[in-house]
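The exercises below are to be worked with the sequence and the 3D structure in view. Each task is followed by a solution in steps.

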Amino acid sequence: MDHSGPISAARALGPFFVTIRRLFHPVALSLVATHLALLALGWWTLRHLVPDTVVLHLFGHVQLVHEVHRRVIDRTLELGALLPAVFLVEYLWVGWRESSVRHLLVERTASGWSDLACYFFQLAPVSTMVAGIMSFGVVYVSGEGLRCLFADATGIDISIAGAPLLLQTAILFLLYTLLDYWSHRLDHSRVFWPLHRFHHAAESFSVLTAARVHPAMFTAVVGAILPGVLLGSDPAALAQTGIVIIIIRLLIHSRIESNFGWVGRWVVQSPLHHRLHHSLNRMPINLALLPIWDRLFGTWRGAPREAMRIGTPAPYRHGAWFVPDLWRDYCEFWTGVKTLAFEGLVGLKQAPHAPPQDLASEADV
Ligand SMILES: [Zn+2]
Ligand SMILES: [Zn+2]
């Protein structure tokens, strides 16, 4: 008798049933329910406590901010739901043993502690202040403000605000990912590498590795500011683009060991492609969130099917004790900037960021 039909059907449905079982696991269900309840409570309370129009007194000027509920509170709710949603997707894909939540809270690796510390640091209002001081206020510059200045000065005002929202989001998304590709490429130059190295110092991935960034990331603001400068767009399109970008950033740092098949080759970067970017050989490859930009500029590489070792041989204190190391990186960056004056743009060339001693120690790994 031929059993291949039902047997192969059962094999094909196996992962589906595993996912359903994981979804209905009592711990997973109670965590999701608690989070949603807290989120809903916070949203309801803020909507009732904060008026929809707020009066701000800034440097002697009175500024009215309208639609606070829709623009601030609802947006915060969306962002608050993103991280747990990605945690959930990852858990359904890889199971509890391999999940980021277990990696961060139960295994408590030193690298995971750094991720957690960075995440909580970024939630604290002081992080924007530190980033503002270290970047000389660059993070406060608004693309929309610059666009108005440019339009007033030149009379040229390119605006896509009249286009359908979905089209605006698509244009902004493509432009953001293109600029992000080039700013990331700059991060791997000798001068900017000290500010990016901390992100690469993660020795294992968790969804929160996405939050592990140096507060003085000058290059990151390129993608954040320029789309607003170049294209006047509906704030809703900017918000939607931001959400998609955050989801991709969280996903590519997840513990899902998949190259996403043809999707990872052509549509969006996969966790394994990004892992290859983080691998110890540190070739500047797979820099973009979309493979199309890497393919276009010659930096795309196919990812192996299994995870490889990641990290940087540069010494880093893990856990929450990385502050002196971040300061060292910041000083190293400015030393590099000073040498630019003597070397010209050579310091911005690609991939010279593996000094000989790093390579030597890698050989021992
Ligand atoms: Zn990188
Ligand atoms: Zn990364």
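**Exercise 1.** Which residues in α13 are buried?

*Solution.* Step 1. This is a predicted model, in which local features need pLDDT of at least 70 and side-chain atom pairs count only at pLDDT 80 or more, while totals for chains, interfaces and linings use all residues. Residues are numbered from 1 along each chain as its sequence is written, and chains are lettered from A and ligands numbered from 1 in the order in which they are written.

Step 1. Recall the terms. Helices (H or I, at least four residues) and strands (E, at least two) are DSSP runs, numbered from the N terminus. A residue is buried if 20 or more other C-beta atoms lie within 10 Å of its own, exposed if 12 or fewer, and partly exposed in between; the C-beta atoms are placed from the backbone.

Step 2. The buried residues in α13 are P271, L272, H273, H274, R275, L276, H277 and H278. Eight of the eight residues of α13 are therefore buried, and the helix is largely enclosed by the rest of the structure.

Step 3. These buried residues pack against α9, α11 and α12 (261-266). A contact here requires the C-beta atoms of two residues, placed from the backbone, to lie within 7 Å.

Step 4. Helix α9 (residues 193-200) has seven of its eight residues buried, so α9 too is largely enclosed by the rest of the structure. The buried residues in α9 are W193, P194, L195, H196, R197, F198 and H200.

**Exercise 2.** Where in the protein is confidence lowest, and where is it highest?

*Solution.* Step 1. The score is pLDDT, the predictor's confidence in each residue, from 0 to 100. The protein averages a pLDDT of 80, and 83% of the residues score at least 70.

Step 1. Confidence is lowest in helix α16 (residues 356-364), with a mean of 34, and highest in helix α14 (residues 291-296), at 97.

Step 2. Over residues 352-365 the pLDDT is below 50, and this stretch has 13 contacts in the model beyond near neighbours in sequence.

Step 3. For the protein as a whole, there are 16 helices and two strands. Of its 365 residues, 30% count as buried.

**Exercise 3.** Describe how α8 and α11 cross.

*Solution.* Step 1. Two packed helices are described by the angle between their axes and the distance between the axes. Axes are lines fitted to C-alpha atoms, for helices over the stretch in contact, and angles run from 0 to 180 degrees between N-to-C directions.

Step 1. The axes of helix α8 (residues 165-187) and helix α11 (residues 235-252) come within 9 Å and cross at roughly 50°. That makes α8 oblique to α11. By the cut-offs, angles under 35 degrees count as roughly parallel, over 145 as roughly antiparallel, 65 to 115 as roughly perpendicular and the rest as oblique.

Step 2. In the contact, L165, Q168, T169, L172, F173 and Y176 of α8 meet A236, A237, L238, Q240, T241, V244 and I245 of α11. The residues of this contact divide into nine nonpolar, four polar and no charged. Ala, Val, Leu, Ile, Met, Phe, Trp, Tyr, Cys and Pro count as nonpolar, Asp, Glu, Lys and Arg as charged, and the others, Gly among them, as polar.

**Exercise 4.** Is N286 buried or exposed?

*Solution.* Step 1. N286 is found in the loop between α13 (271-278) and α14, and has a positive phi of about 50° although it is not a glycine.

Step 1. Because 26 other C-beta atoms lie within 10 Å, N286 is buried.
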